[in-house]
Amino acid sequence: QVRLYESGGGTVQAGGSLRLSCAASVRAFSSHAMAWFRQAPGKERLFVASISGNSVSTDYTDSVRGRFTISRNNGKNEVYLQMFSLKPEDTAIYYCAASPTYTWSTGAWGQGTQVIVSS
């Protein structure tokens, strides 16, 4: 059973930075691809970034590419989302997800961490 715990959210001014963390309670963490999704108020949950188990492959949605960086530490069972140049439209609840097959809909999810970017 996979359990995920996000942290690091908060309120920041536009142009600022935040680093989100996700701690995973799971066997063979390095066998799981990890991802970050976000859900803005009244909107659907959308993909933000993903990273393969060995960190070789990463992917980003266009709106965050060049501003956000996903990384992981398999020794600590953690995945991170470093966010730079934050914009008000980045305001959302950010969720961490885990899946051995990139099938996020059937994977494990955390409880989310709130990010608010003020203008």
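The model I am working from is a predicted one.

I then asked which residue is joined to Cys96 by a disulfide. The partner is Cys22, with an S to S distance of 2.1 Å. I checked how many disulfides the structure holds, and the count is one.

I next looked up where the two cysteines sit. Cys22 belongs to strand 3, residues 18-25, and Cys96 to strand 9, residues 92-99, so the bond ties together parts that lie 74 residues apart in sequence.

I also noted the handedness of the bond. The torsion about the S-S bond of Cys22 and Cys96 is about -80°, and the disulfide is therefore left-handed.

I turned to the largest pocket and recorded about 180 Å³ of space in it. Strand 4 (33-39) and strand 5 (45-51) are the elements that give two or more residues to its lining.

I asked how many residues line the largest pocket, and which of them lie nearest its centre. The lining has 13 residues, and those nearest the centre are Arg38, Ala40, Glu44, Leu46 and Glu89.

Terms used: Residues numbered from 1 in each chain as written. Predicted model: local features only at pLDDT ≥ 70, side-chain atom pairs only at ≥ 80, totals over all residues. Heavy atoms only, no water. 1 Å grid on protein atoms, 1.4 Å probe; cavity = no way out; pocket = protein on both sides within 12 Å on 5 of 7 lines; lining within 4 Å. Points joined across faces, edges and corners; volume = space filled by probe spheres on them. Helix = DSSP H or I, 4+ residues; strand = E, 2+ residues; numbered from the N terminus. Disulfide = S-S within 2.5 Å.
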